[in-house]
Amino acid sequence: MNKIGELAFWDTSCGMIPCKVLSVREDPTGKKVKIRLTASRGAYKKGEVREESTFWVVPRGNVRRHKNGIMIIGGWNWV
């Protein structure tokens, strides 16, 4: 189980952007996570606060980097 305050990556078309989870809430379409970006990438600026689906916010421990790219290990649950 992954908790509020944990560091994560937001998976975007600009790549994996580091962030911090601020809150989690239920929505009719599924769980939503409020995040604060901790780095700037492309149009996304450090300090920006966004609300995204839990599908796109990956705990840092579930991301593996290797010479051929990045692998995301599934199975996380934000509470």
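These legends describe a predicted model of one protein chain, taken view by view.

Local features are used where pLDDT is at least 70 and side-chain atom pairs where it is 80 or more, while totals for chains, interfaces and linings use all residues. Residues are numbered from 1 along each chain as its sequence is written, and side-chain values rest on heavy atoms, with hydrogens and water left out.

**View 1. The strands of the protein chain.** The protein chain holds seven strands and zero helices, where strands (E, at least two residues) and helices (H or I, at least four) are DSSP runs numbered from the N terminus. Along the sequence the pattern reads β-β-β-β-β-β-β.

**View 2. Overall dimensions and burial.** Along the principal axes, the C-alpha atoms of the protein chain fill a box of roughly 40 × 30 × 20 Å. Of its 79 residues, 30% count as buried, a term that means under 20% relative accessible area, with exposed meaning over 50% and partly exposed lying in between (1.4 Å probe, protein chains only). Contacts (heavy atoms within 4.5 Å) with a separation of 6 or more come to 36% from residues 24 or more positions apart.

View 3. H66 has its place in strand β6, which covers residues 63-66. Is H66 buried or partly exposed? With a relative accessible area of 42%, H66 is partly exposed. The C-alpha atoms of H66 and S40, which lie 26 residues apart along the chain, are separated by 22 Å.
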